[in-house]
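Hi,

Here is the structure I promised to pass on. Have a look at it first, and then read my notes below.

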Amino acid sequence: MQYYTDRSDNIKVEDGKLIITPLKETYEHRGYTSGRMTSDFYWKYGRVEVVAKAPFGRGLWPAIWMMPEFNVYNTWPGSGEIDIFEGKGNG
């Protein structure tokens, strides 16, 4: 039901914080939009630290995940992902 965008309506940086804003809107034949971004930062070993405020509400499924640098086994989800956080918005 959602479409990921990289538009400033859904993604912005304020005071050094990344803000992802889901919106109820019709976009690309979907009823909602949310943010999705990529970076050119890759590493083999290390640590990721995230501080996040998850939304609360029925039907929400907030998640933060990392994707592989290369899709060697076809597109997602074939090459996998690493979940940093995934939860139900009503739990």
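**Tyr3 and the aromatic pairs**

Let me start with Tyr3, which is partly exposed, with 29% of relative accessible area. Keep in mind as you read that this is a predicted model.

How many aromatic pairs does the structure hold? There are two.

Strand S1 holds Tyr4 and strand S6 holds Trp65, so here the parts tied together are 61 residues apart in sequence. Tyr4 counts as partly exposed at 31% relative accessibility, and so does Trp65 at 30%.

**The chain as a whole**

The C-alpha atoms fill a box of roughly 35 × 30 × 30 Å along the principal axes. Of the 91 residues, 12% are buried. The accessible surface comes to about 8100 Å², and carbon and sulfur atoms account for 53% of that. If you take the contacts between residues at least 6 apart in sequence, 43% of them join residues at least 24 apart.

On confidence, the mean pLDDT of the chain is 87, and 99% of the residues reach 70 or more. Among the elements, strand S4 (residues 23-27) has the highest mean, 95, while S6 has the lowest, 85.

**Two residues with positive phi**

Asp15 is not a glycine, yet its phi is positive, at about 50°. You'll find Asp15 in the loop between strand S2 (11-14) and strand S3 (17-20), where it is exposed at 78% relative accessibility.

Glu28 also has a positive phi, near 50°, and is likewise a residue other than glycine. Glu28 belongs to the loop between S4 and S5.

**A nonpolar patch**

Which residues make the nonpolar surface patch? They are Phe41, Trp43, Val48, Val50, Ile84 and Phe85, and the patch covers about 530 Å². To pick out one of them, Val50 lies in the loop between strand S5 (30-35) and strand S6 (63-66). Val50 is partly exposed, with 38% relative accessibility.

**Lys88**

Finally, look at Lys88, in the segment after strand S7 (82-86). Lys88 is exposed, at 52% relative accessible area. What does Lys88 touch beyond its neighbours within four places in sequence? It is in contact with Leu60, Trp61 and Pro62. As for Leu60, its C-alpha lies 6.2 Å from that of Lys88, although the two are 28 residues apart in sequence.

That's what I have for now. Happy browsing!

Terms used: Residues numbered from 1 in each chain as written. Predicted model: local features only at pLDDT ≥ 70, side-chain atom pairs only at ≥ 80, totals over all residues. Heavy atoms only, no water. Helix = DSSP H or I, 4+ residues; strand = E, 2+ residues; numbered from the N terminus. Buried < 20%, exposed > 50% of the residue type's maximum accessible area, 1.4 Å probe, protein only. Contact = heavy atoms within 4.5 Å. Patch = residues over 30% accessible without salt bridge, like charges linked within 9 Å, V, L, I, M, F, W, Y side chains within 5 Å. Areas by Shrake-Rupley, 256 points an atom, 1.4 Å probe, with all protein chains shown as cover. Salt bridge = Lys/Arg side-chain N within 4 Å of Asp/Glu carboxyl O. pLDDT = per-residue confidence, 0-100. Phe/Tyr/Trp six-rings, centres within 6.5 Å; stacked < 30°, edge-to-face > 60°.
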